[in-house]
Amino acid sequence: MNQISTFTVVLPLPDRKLSPNMMIASIGMRKAKAAAVKKYKAQACYKADEAQGRARPVCWPATRVDVVWYDKQQRNRDEDNARGSLKSAMDGIAFSMGVNDSTFRAGTFEIRFDKDRPRVEITMHRRESI
């Protein structure tokens, strides 16, 4: 089996509903957030399957996660909020890898500017231990 040691998942910026700061004041808002979570998780799972190729699932003992967030506007962004909005993406990637996301360890997190192609690049690196 062809085992890989790193792969990158490229996703669109997460929906505003995925922000940890998003106020959920009604049943309708809860349903909207749940739909956004489900959609982004599925998208991340599909893109992770694609990125892993034939090595899927990789089932690494531990994983370092590096993130590069390409924002469409050049402004100060709350890094904690940006990280939190990627929770459903991490769940989708973990599902694709066949692991629990508790084996993920935070690596670098960079925020850059790309007006023409806003996106999030999540790079997974194999580690031998947590």
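Modeller: One definition to begin with: two strands count as paired if DSSP finds at least two bridges between them. The model is a predicted one. In it, Leu-11 stands opposite Val-120 in strand 4.

Biologist: How do you know that strand 1 and strand 4 pair?

Modeller: The requirement is at least two bridges, and 6 bridges join strand 1 to strand 4 (residues 119-127), so the two are paired. They run antiparallel.

Biologist: What makes strand 1 and strand 3 the edge strands?

Modeller: The open sheet has 4 strands in the order 1-4-2-3, with mixed pairing. Strand 1 and strand 3 (104-113) each pair on one side only.

Biologist: Which strands does helix 1 touch where it packs on the sheet?

Modeller: Helix 1 touches strand 1 and strand 4, and its direction makes about 140° with that of strand 1. Helix 3 (residues 87-97) also packs on the sheet, touching strand 1, strand 2, strand 3 and strand 4.

Biologist: Why is the pair of Phe-7 and Trp-60 called tilted?

Modeller: Ring centres must lie within 6.5 Å, and those of Phe-7 and Trp-60 are 5.7 Å apart, so the rings pair. Their planes meet at 50°; stacked needs under 30 degrees and edge-to-face over 60, so the pair is tilted. Phe-7 belongs to strand 1 (residues 6-11) and Trp-60 to the loop between helix 1 (27-52) and strand 2 (62-71), 53 residues apart. Both Phe-7 and Trp-60 are buried.

Biologist: Where does the charged end of Arg-119 sit?

Modeller: Over the ring of Tyr-70, 3.8 Å from its centre.

Key
Residues numbered from 1 in each chain as written. Predicted model: local features only at pLDDT ≥ 70, side-chain atom pairs only at ≥ 80, totals over all residues. Heavy atoms only, no water. Phe/Tyr/Trp six-rings, centres within 6.5 Å; stacked < 30°, edge-to-face > 60°. Buried < 20%, exposed > 50% of the residue type's maximum accessible area, 1.4 Å probe, protein only. Lys NZ or Arg CZ within 6 Å of the ring centre and 35° of its normal. Contact = heavy atoms within 4.5 Å. Axes fitted to C-alpha atoms, helices over the stretch in contact; angles between N-to-C directions.
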